[in-house]
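Please open the model in a viewer and keep the selection panel at hand.

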Amino acid sequence: MDVSSHDVLLVGGGGAGLRAAIAAAEVNPQLSIAVVSKVYPMRSHTVSAEGGAAGVIKEDDSLDEHAYDSISGGDWLCDQDAVETFVKEAPQELLQLERWGCPWSREPNGHIAVRAFGGMKKRRTWFAADKTGFHMLHTLFQTSLRFDPITRYDEWFVTKLLVDEGRVQGVVAIELMSGRIQAITAKAVILCTGGCGRIFPFTTNANIKNGDGMALAYRAGAPLKDMEFVQYHPTGLPFTGILITEAARAEGGYMLNKDGYRYLQDYNLGKPQPKPVLRSMELGPRDRLSQAFVSEDQKGRTIQTPYGSIVHLDLRHLGEKVINTKLPFVRELCMKYQNIDPVKELIPVRPVVHYMMGGVSTDIDGATPLAGLYAAGEVACVSINGANRLGSNSLPECLVFGARAGKAAALFAAQQKAPNSSVLAQATDERKRLESQFLFKTRGRERISTIREGMQTTVEKCAGIYRDGASLAEGADTLRQLQERFADINLDDHNRTFNTELEAALELGFMLDVAESIVQCALHRTESRGAHQRTDFPARDDKRFLAHSIVCRNPDGSSRVELLPVKITRWAPGERVYGELSQTKERPEAVSTRKAG
Amino acid sequence: MRQEIVKAAPAYTEFHPRWYRAPVSVYWWLGQWRYLKFILRELSSLFVASFVVITLLQVRALRNGPEAYSRFQHWLQSPWVIALNFVSFLFVVFHTITWFNLAPRAMPIWVRGKRLPEFLVAAPNYAIWLVASVVIAWFVLR
Amino acid sequence: MIMADKIILEVARYSPEQDTKPCFATYEVPVHKEWVVLDALNYIKDKVDGSLTYRWSCRMGICGSCGMMVNGEPKLTCATFLSSYAHNGNKIRVEPLRYFPVVRDLVTELSDFLVKLKKVKPWLIRKDAVPLSQGEFLQTPEQLDYYKQFSMCINCTLCYSACPVVGLDPKFVGPAAIALAQRYNLDSRDQGAVERIAVLAHPEGIWGCTFVGECTKVCPKHVDPAGAIQQYKLNAVLDWLTSFVMPRGHNSQDVKS
C-alpha cells in the first residue's frame, strides 16, 4: 500500500479549499499542505457563482446591519457569534482577494463598486461583472500556484476518512488517472467539498456536487447540522437547471405568472414599483419567492412545459444596453442553452435547488467535534446562514471560514505527532471493499442511473419546498429500499484507468447517506422556518425549535437527531418582514408584536 | 491477424497506464481549409521575395546602360517570367490583405477608454495603399 | 429542414488495459431540441454503456471540463447542440481533444498544460507590500477594460487543440498561458511584466507563435489569445529596443503599452 504524508490535507480545491490552503501556507510555511480534489481546482463549482460577494465597505453601511440582515434572513437560526465574526472579516477577505488580483468591478473613481442584492437592506455586494465566482476562483487558483508548500493531488477521489485514536489521520483516495488506491495521511483534514444539490432532480449544481464531504464526515462519526434546510433558487432554467442570477432581479426584472401578472404582490412582499426596491417584491428572500411559485402552481397559474411547470422572468423593459453591460452572462446563457434572447423574449424559470444551508457541524474556526477534522464553505454549517441563506453571503463565507479553518488546522497540525501506521490497515481494507463491492463485482442487477433517478424523484417529492410528516416518512422508507438496492449495483466498467463509473457509484452512495440525513432532520423539525416549510406545522416555534438539528450516525447505521440551541448574542428573534414594513424599521431590533403565520 | 497484434501487447502496467499519443502528420495543413489558407499566407512571403529580386535585377539593368536594360525587358516578356510575375502579384495582394486585416489584432488602439473597432485601424492602411497605387499608376501611364 | 429524431454518434474509445490505440464505437441517440452533445454522452453512459469515460461538470460553459473534438473541431460539448448536426443523416464524430495524450476514451492528460500555466507566473506581482488597512488599489473601469478580455479564460484547452504549433512542438507554451500572462501584464496593479518577459521572450514562448489565429476562432469565451500574443510580441520588441537606447537601471518599472 502506497502512502503519502502531509501536515494539512484539504479535500476539495474550490473557493474554500484554496483559501484554506493559502492560509495554512501563510501561517506556517514549514508545513506540507496537500489539496486533494476529484477535479482540477478551476473546475470546482465556485466557478459558476455569478451574483457577487457581500462585504461592508461603504460609509452608509455598518457591520451590525449586515449581521442583522443575515440573521433575520436566516429566520434567527444563525449562530450570532459566527455571524458577527463573519461580517467583520468578510470585507478584509474580499480586499485581500483584490490584492491578489481579483478584477472587482469599479466605480468611475476607481473604488470598488457595490450593488443591491436580495435580502440585503443596503448595497454591499461586491461583484466582478456577472462572473464573480469565476474570477474569485481563478484568482485564488493562480495565487495558490506561487506557494511551494502546497502540493496538489488533481483528480484524486477521496472515499473514506481514516480515523484512529479518536482523531482523523488522513484519507483513502483513488488516483483516477491510474486507478491506484492509496492512503494519504495528514495531521489535520479540512473538508471543502461543497454542497449536495445533485440529490435533487432540478438543481443549479454541477455534476460534482454530491455531498462527498458531508457523507465522509457522517460515516466517520462527525455530526451534521441543519440538513433539512435546502435552498431553492427561484429562477433556474427548466431543463438544464442553469441559474438565472438574482442580479437580473436586482437590476429590475419582473416575475410574471401565466396571466402576465407580477404575482409576488399577493404574498406579503410589498407592492410593485417601477424600480427595484431592496427587500421587496422580486428582491425579497429566495425562500419566499420559491414558496410563492409553489402556491401559484397549486392555483394553476403557472405555465406547463415538457420539463415541468414554469413562470416567466421579464427583462425586456431594461433595454439592450443595460442588459449587455450589467447582465451579459445572463443573455449569453439564455441564448446558448435555451435559444432565448432576454432582450426580446420572456425567460422560462422555476425554482431549482441551489445551496445547502446544512452540512458538517463546525465552530467558528471550522473545527468539528472529531479531532483533526475541519470543514469550511458550503459543506460546513457554522452556522451563518441559519434557515435561509442570503444571496452573496456564500462566497465570502468560503473565504472567511476557509481562512479560519486553514489557520486553525495549521496550528493544530503543528502540535500533533505523525499518524501511526495502524491506519494503513484501514486503508487496505477500504481498497479491498472498493474492489470487491464495485470494481470486480459482475453479478449485480442494478444500474447506477436507475437508483439515482429514484432517489432524486423521492427526495424532490418528500423533501421539496413544502413537506409533511406522512410523505417524509414514506420518503425515508423508499430511501432505505434504495440503499438496499444500491448494495446490488453492477458496473459496466471494470477498468482501473479513469473509472468514472466507479466514481459515480461512490458518489451515489454518498448522496444516499446525505439524503437520509435530510429526510430525518426534516421529519424531526415539526415547525416551519425559513427554507423548511411543513404544511402540517405551518408556524414557527421558537420555544422548541430555536435550535439546530444535529444528526449523527449510530453504530448500527441508523441515524439519531438531537437539538442544539442557537447562540443568540445581541438580536432577539423577531418577525421576518419584507416589503413596506421593512422600510419603516430604523434600528435592527426585535419587533414586539408577533403576527400569525 | 490484425486483432491479435492489437491485443498482444496491452499498453498498461499496473498503475502506470500508457497514454496514447496520436501522431501528427506532416500534411496536417491539408486537413482544414483554414490551415491551408495559413500556409499559403506564409508561402506568399517567397513570392514577395521574388518581386524584390526582380526589382533589384531591374535596377542593375538600368545601371548597366540601355542595352542591358532592353535585354532585361526582353527577358521580362518570356512566358515563364510573365507567369511567375502574375502568380507573385496574386500572392502579394493576398499577403497585403491578410496583413492589413491582422494588424489591428496586434495593435489595439484605445481612444477615451474604448477600443477602436478593427476595421477603423485597418482602413488607413488600405487608404494609403490606394492613394500610393493611384499616384504611381498616374506617373507610369501618362 | 426537418430535424431527425435520432442521430448516430461515433465515439472514440480507448482503454490502455485492453487497447494499443483508439477505435470508434457507434451509438444511436435520440435528438431533442435542447440536447447538446454532452446530453447524448450522458444518455449513452446511463442507459447503454457505463464504461464510456469523459469529463464534465457545470453544463454551462464556465468550468472548461467538457472540451472534445466534434466532427474535427474543438468544441465545448455542453454548448454544441445535437440539432445543428441532425440533418441529412449526418453523424457526429466525438474524439478527445487533439494534441494531448489520451488517458482513456475522451479524457486527455492535462498535467503538461498546468506546468505551462504555472511557468508564466500568472499571479499579481508587486514589489511593495501595501497593508490591507490602506484599502483597495484604485483601478478605473477603463483600466479594467484593458485586460478584462484576457481574464475570461476558462482553461478549457480548446485553443491548444486548434494550434498547429502545439501539435508540432509540444514544448510551445501555448495560447492560453500567454494570454493569461498578458492579462497580468496589462493589469494596472501588476509590476511583474519584466519577470514574465524573461520567461516568455523565447522560441518556445511568444516567438513560437506564427499567428495562425485558430486559437481565437475556437475560443468559447472570446478571449482572443492570438491578439494577446501578437500584442505581447510588440511589447517585447519595444522593450528590447528601449533597453538599447535607455539601458535599464536597478529599480526600473516595466514598459507597458
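Begin with A:Cys381, which counts as buried at 1% relative accessibility; buried means under 20% relative accessible area, exposed over 50% and partly exposed in between, with a 1.4 Å probe and protein chains only. The structure is a predicted model, in which local features need pLDDT of at least 70, side-chain atom pairs count only at pLDDT 80 or more, and totals for chains, interfaces and linings use all residues. Residues are numbered from 1 along each chain as its sequence is written, chains are lettered from A and ligands numbered from 1 in the order in which they are written, and side-chain values use heavy atoms, leaving out hydrogens and water.

**Cysteines**

Over all chains, the structure holds zero disulfides, a disulfide being a pair of cysteine sulfur atoms within 2.5 Å. A:Cys381 is accordingly in no disulfide, and the nearest cysteine sulfur, that of A:Cys78, lies 9.3 Å away.

C:Cys63 counts as buried, at 2% relative accessibility.

**Chain C as a whole**

Now select chain C and show its cartoon. Its secondary structure comes to nine helices and seven strands; helices (H or I, at least four residues) and strands (E, at least two) are DSSP runs, numbered from the N terminus. Along the principal axes, the C-alpha atoms of chain C fill a box of roughly 65 × 40 × 35 Å. Of the 257 residues in chain C, 63% are buried. Contacts (heavy atoms within 4.5 Å) can be drawn next: among those in chain C between residues at least 6 apart in sequence, 65% join residues at least 24 apart.

**Confidence**

Colour by pLDDT, the predictor's confidence in each residue, from 0 to 100. Chain C has a mean pLDDT of 91, with 94% of its residues at 70 or more. Select residues 250-257 of chain C: pLDDT stays under 50 there, and the model has 15 contacts for them beyond four places in sequence.

Turn to chain B, whose mean pLDDT is 87, with 91% of its residues reaching 70 or more. Where pLDDT is low, the predicted coordinates should not be read in detail.
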